[in-house]
Amino acid sequence: MSAITHRGLGGAAGAVETSPPPALTEVQASGLCDIMLRVSGVRIDAAKRSFLELRVGRRLQATGAADFDAYLAHLRGPSGAAERQNLAEALVTHTTSFFRERAHFDWLAQEGIDQVVASGAGRSWPLTVWSAACSTGAEMWSAAMVLDQAARSRAGGLRWAVVGTDISRRILRRAATAIFTEDEIEGLPETFRRRYLMRSRAGRRPLYRIVPELRAQARLAWANLSEPARGPALTADIAFLRNVLIYFPPSEQPMIAAGVVGRLRPGGYLVTGHAEGLSRVPEGLRQVAPTLYRKEGP
Ligand SMILES: C[S@@+](CC[C@H](N)C(=O)[O-])C[C@H]1O[C@@H](n2cnc3c(N)ncnc32)[C@H](O)[C@@H]1O
């Protein structure tokens, strides 16, 4: 299963470079990383100078700033709010794929659904899976496919919904299309492709769109994990918080997780990425497997 990135999918991140970006000094790099930390909570290593030069260099071109000092002055100035968001968009990474870290989807199909159904989900309310840093939506649709399969096979069916949130408005617009390329669906099992994708016949390269039955159960919204109070109203039974905690300083990861847990129903589950064990488990949460946590409840 290969990972994908969406750096070039429109917006300034995809702009054609006409000249190499100017060299970034240590002071400028840490200035940019400080702003990034304040805007998104995400810590970028200021030593990654060529990464910063490339990504922020595109913002220089897009804004017409003469150099990094001029760009920093604009970011720090009274009219810099919109560009601070653009900076955050330019520096986050959207790598994702269908059924990434497959074990989590196996757990969902084999145990997770049963666990939360036992507390009323799926009948009294729609069993809701939240993809809390959804990128293109591959994670959210993977969960949707598992839920739909369960709904078809369970006696009495299953009411379900999926929600995807992300800090990047650009990637959310992309996710809202529910359209994927051949490369992007690489990890998707054949049975799921046949049941849940529509293939477009137009154009030289085939494109695949998620079927309307799944799209009807999905909602996308902007949310910054660092500011849980500002996010959309939502209560989930299972939250996927995967491959995003690593971008936060370790000391802040439990606080980010706690913000997500605050929107879980009692008895609900938090799933983190395989490389993202929490150093401190937030209160009210119990670890049940290396990357799986249960919120206390019935
Ligand atoms: C590497 S992708 C992970 C996608 C998916 N969860 C997965 O595991 O495949 C990280 C995503 O987190 C989003 N992100 C980064 N910082 C965020 C924040 N503070 N709040 C919400 N989303 C954030 C990025 O925009 C990006 O789409």
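View 1. The model is predicted, so local features need pLDDT of at least 70 and side-chain atom pairs pLDDT 80 or more, while totals for chains, interfaces and linings use all residues. Residues are numbered from 1 along each chain as its sequence is written, and side-chain values use heavy atoms, with hydrogens and water left out. On a 1 Å grid over the protein atoms alone, a pocket is an open set of points with protein on both sides within 12 Å along at least five of seven lines, a cavity is a set where a 1.4 Å probe fits but cannot get out, and lining residues have an atom within 4 Å of a point.

**View 2. The ligand sits in the largest pocket.** That is, more than half of its atoms lie within 2 Å of the pocket's grid points. Around the ligand are 22 residues (a heavy atom within 4 Å), and the closest are His94, Thr96, Arg100, Asp166 and Asn243. This shell holds nine nonpolar, nine polar and four charged residues.

View 3. Leu225 brings a polar backbone atom 2.9 Å from a ligand nitrogen atom. Of the 600 Å² that the ligand exposes when taken alone, the protein buries 99% (Shrake-Rupley method, 1.4 Å probe).

**View 4. The largest cavity has a volume of about 70 Å³.** Searching the whole structure gives two cavities of 30 Å³ or more. Leu225 returns here in the lining of the largest one, along with residues including Trp130, Glu227 and Arg263.

Methods. Polar contact = N/O pair within 3.5 Å; in protein donor to acceptor, adjacent residues only side chain to side chain. Nonpolar A, V, L, I, M, F, W, Y, C, P; charged D, E, K, R; others polar. Points joined across faces, edges and corners; volume = space filled by probe spheres on them.
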